[in-house]
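I opened my notebook to look up pockets and helix packing in one model. Here is what I wrote down, entry by entry.

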Amino acid sequence: MTMIPSKTLTNGVEMPYLGLGVYKMTEPEVALQAMVKALEVGYRAIDTAALYNNETEVGEAIRQSNVAREEIFVTTKVWNTDQGYDETLRAFETSLKKLGLEYVDLYLTHWPVEGKFVDTYRAIERLYEEKLIRVPGVSNHHIHHLEKVFAKANVKPMVNQVELQPYLAQEELRAFCKENDIAVTAWSPLGQGRVLEDAVITDIAQQLGKSTAQVILRWHYQNDVITIPKSVTPSRIEQNMQIFDFELSAEQMEKMNQLNKNQRFGSDPDNFDF
Ligand code: A2P
């Protein structure tokens, strides 16, 4: 079975470089089947959120699997309407109950809600101090959001999960996160499936005898980016983790890096309304 390598976070916790993203898996049976399959073939990380309405299935999949809880890295996130200090603590309790777990590996502010995200992070920090989470983090934070969080935090976020795909390479944010020991996770690493037909990527995939999805996921990995590709299709779930036995050359990496056009498929954290 393929072993997925881990990134050592700034507090020493090991976070797998690749996990199953479960956004839009709202059909309980479909979600459960995808998660069970992923754990069966060797995934050791699942990325959910209160918003996704499938935390119950995440817990269920873990219990149905033959994998020990400690070997699985579970991420969940506090939704926008639950932000603020006390509200976040309450939202966390609800998530924990739905998951049926005793702790969460990584807890994130889902979006930087103006006027609230700093307090939200302070609550996440408290959950970390209380050892209810192993890693405190944020999602969809631009540099200026991170700077506001740093100004009030005792412990800096250790992960920032953002939209990152070949057409949105996030170079400046990645460099800033590296300087500050923040690991970067890409959500929609495959651009929601919308970059899979790209001619440059297709060409590289043909040279390597791999799929375009595998080439993109490998590009992320070689850029030191953690990914959480979403799929409900068993063959794709398996295919997406087979990226640790080949390499993109420096030239192929450069070609991939040049695809950036700062194009978002999701919302801009400076301008979201939900
Ligand atoms: P499906 O879930 O039907 O298998 P992202 O993680 O960037 O949001 O991309 C998710 C989308 O990409 C989903 O529509 C998923 O479809 C599709 N997808 C995931 N893995 C692959 C793959 N290996 N090949 C083709 N499409 C994929």
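Pocket entry: I looked up what lines the largest pocket, and H9 gives the largest share, 3 residues. Helix H9 (234-240) and helix H8 (212-222) each supply at least two residues of this lining. I noted that helices are DSSP runs (H or I, at least four residues) numbered from the N terminus, and strands are E runs of at least two.

This is a predicted model, where local features need pLDDT of at least 70, side-chain atom pairs count only at pLDDT 80 or more, and totals for chains, interfaces and linings use all residues. Residues are numbered from 1 along each chain as its sequence is written, and side-chain values use heavy atoms, with hydrogens and water left out.

By class, I found 15 nonpolar, 16 polar and 5 charged residues in the lining of the largest pocket. Here Ala, Val, Leu, Ile, Met, Phe, Trp, Tyr, Cys and Pro count as nonpolar, Asp, Glu, Lys and Arg as charged, and the others, Gly among them, as polar.

Helix entry: which residues of H4 meet H5? I found Phe117, Val118, Tyr121 and Arg122 in H4 meeting His145, Lys148, Val149 and Lys152 in H5, where contact means heavy atoms within 4.5 Å. The residues of this contact divide into 4 nonpolar, 1 polar and 3 charged.
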